[in-house]
Amino acid sequence: MSEGFSEPYKIVLPDIPSAGVYFFTTDSGMQYEVRFGRKKDDILSATIVFGVINDEFEGEEYVMTNKNEVYHVMATIVNVIQIFRKEHPNVRSYEFTGEPKHGESIDSPTQRIRLYYRYVQRMFDLKDWDVILGKNTITVKRKTRFS
């Protein structure tokens, strides 16, 4: 199945929208968590972390598995971010981090960051948001509009 047509998994929403923690389970039984954190020095900026939370990945808290589900997983993460954005319309920046896998250089964007970068345009309307690509981060900031 191509990435353009992948269906998202069913999302388990937080009981309290401000909690910012969402869950979903893939067809292979992998349980994922998508967590939104607020920066201490700027509560209108959020960090987004996600990955498998199954016990078999103990010690690797936010890994993504390669069980031929990546497009479904990413489609689900896009939906989670859209839900969070509707619940929190005043957040003005989001940051994703993609730690290097074993053997990846720290001097260029990681494979994970390149994957996330491809999905940013589905998560954000880029005429209203700037995207800053770093070595292992993507920051998406609301464009300032002056009257």
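Predicted model: local features only at pLDDT ≥ 70, side-chain atom pairs only at ≥ 80, totals over all residues.
**View 1. The aromatic pair Phe24 and Tyr32.** A pair of aromatic rings is described by the distance of the centres and the angle of the planes. The model contains 10 aromatic pairs. In the pair shown here, the ring centres of Phe24 and Tyr32 are 5.0 Å apart and the planes lie at 0°, so the pair is stacked; planes under 30 degrees apart count as stacked. Both Phe24 and Tyr32 are buried.

**View 2. The aromatic pair Phe36 and Phe84.** The centres of these two rings, Phe36 and Phe84, are 3.8 Å apart, and because their planes lie at 0° the pair is stacked. Phe36 belongs to strand S3 (residues 31-39) and Phe84 to helix H1 (residues 70-87), so the pair ties together parts that are 48 residues apart in sequence. Phe36 is buried, with a relative accessible area of 8%, and Phe84 is buried, with a relative accessible area of 2%.

**View 3. An aromatic cluster that includes Phe36 and Phe84.** Phe36 and Phe84 form one aromatic cluster together with Tyr22, Tyr94, Phe124 and Trp129.

**View 4. Helix H1 and the elements that cover its buried residues.** Helix H1 has 18 residues. From its first C-alpha to its last, H1 reaches 26 Å, close to the 26 Å expected at 1.5 Å a residue. Among the buried residues of H1 are His72, Met74, Ile77, Val80, Ile81 and Phe84. The cover over the buried residues of H1 includes strands S1 (11-12), S2 (21-25), S3, S4 (42-52) and S5 (93-97), as well as helix H2 (111-123).

Note on methods:
Residues numbered from 1 in each chain as written. Heavy atoms only, no water. Phe/Tyr/Trp six-rings, centres within 6.5 Å; stacked < 30°, edge-to-face > 60°. Buried < 20%, exposed > 50% of the residue type's maximum accessible area, 1.4 Å probe, protein only. Helix = DSSP H or I, 4+ residues; strand = E, 2+ residues; numbered from the N terminus. Expected span 1.5 Å × (residues − 1). Contact = heavy atoms within 4.5 Å.
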